[in-house]
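Please keep the sequence and the 3D view open while reading.

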Amino acid sequence: MPVEIIIIVSIIIFITVIIEIFIELIMRKMFSHRGDGCLRFSYPMPSDFPCLSKQKFSVKSHKNIINGIIYKDINQSSYKKVIILSHGLGAGHEYLLFLINRLCLDGFIVVSYDQIGSMRSTGLRVRDLTQSLGDFEKVYKYIINDKQYNQYDIVVMGHSWGAYTSLNSLNIKNNRIKKCVAFAGFNNQTMLI
């Protein structure tokens, strides 16, 4: 084998290893802490929306607890569908409350929760992107097994990391998901880099 080819292959392997190390360092930085929002922002609170009924729920996920709220408009007597809404990285679901309120006013039940390592849910840190898929599946199973909500079609919706979660939730076997809405989403981890 000519020396030039060996040198070129060695350079390609070296560059590939350097890129992999760089990506690993970026991912460790992104996922080494809790996602408790930003102190510089004033997030809306559920109490800011008096027409929303709020039913808290908790789901166990390994050693942690996923905490969420099921929102409904108190002035509605019937509902169209259940929307499971997943938030983006770095905060909990409360930054989406204006959207939640609008969806509820339009006749939807909105199930929103904080990923493990975020806001109201337990966990020392966000582990990685794929953690959200397991968290979602736990919430999804909770909703479809609840007699009050299992009669409704399911729509999944998410922003950023939540969009990744929503798009990948379509891979759940035997799912009852009818629609998926993704805001600023990506469907695999390499699209993030």
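**A buried strand and its surroundings**

Strand β3 (residues 82–86) has five of its five residues buried, so the rest of the structure largely encloses it. Buried means under 20% relative accessible area, exposed means over 50%, and partly exposed lies in between (1.4 Å probe, protein chains only). Helices (H or I, at least four residues) and strands (E, at least two) are DSSP runs, numbered from the N terminus. This is a predicted model: local features need pLDDT of at least 70, side-chain atom pairs count only at pLDDT 80 or more, and totals for chains, interfaces and linings use all residues. Residues are numbered from 1 along each chain as its sequence is written, and side-chain values use heavy atoms, with hydrogens and water left out.

**Strand β3 and its partners**

- V82, I84 and S86 point one way from β3, I83 and L85 point the other way, and all are buried.
- β3 pairs with strand β4 (residues 109–114) in the parallel sense, over four bridges. Pairing requires at least two DSSP bridges between two strands.
- V82 has I109 as its bridge partner in β4.
- From β3 the chain passes through helix α2 (residues 97–105) to β4, in a right-handed β-α-β crossover. Right-handed means that, with the strands pointing away from the viewer, the path from the first strand over the helix to the second runs clockwise.
- β3 also runs parallel to strand β5 (residues 154–159), joined by five bridges. I83 has V155 as its bridge partner in β5.

**Nonpolar cores**

- The largest nonpolar core has 21 residues, and V82, I84, V111, F136 and I154 have the most contacts inside it. Such a core is a set of buried Ala, Val, Leu, Ile, Met, Phe, Trp, Tyr and Cys residues joined through side-chain atoms within 4.5 Å.
- Two or more residues each come from β1 (52–61), β2 (64–73), β3, β4, α3 and β5. α3 gives the largest share of this core, four residues.
- A second, separate core of 15 residues includes I83, L85, I100 and V110.
- Not counting residues up to four places away in sequence, I84 touches V111, Y113, F136, V139, Y140, I154, V155, V156 and M157. Contact means heavy atoms within 4.5 Å.

- Helix α4 (residues 161–169) is largely enclosed by the rest of the structure, because eight of its nine residues are buried.
- Its buried residues pack against β3, β4, α3 (131–144), β5 and β6 (177–183).
- S166 sits in helix α4. S166 counts as buried because its relative accessibility is 0%.
- Leaving aside neighbours within four places in sequence, S166 contacts S86, V156, M157, G158, C180 and V181.
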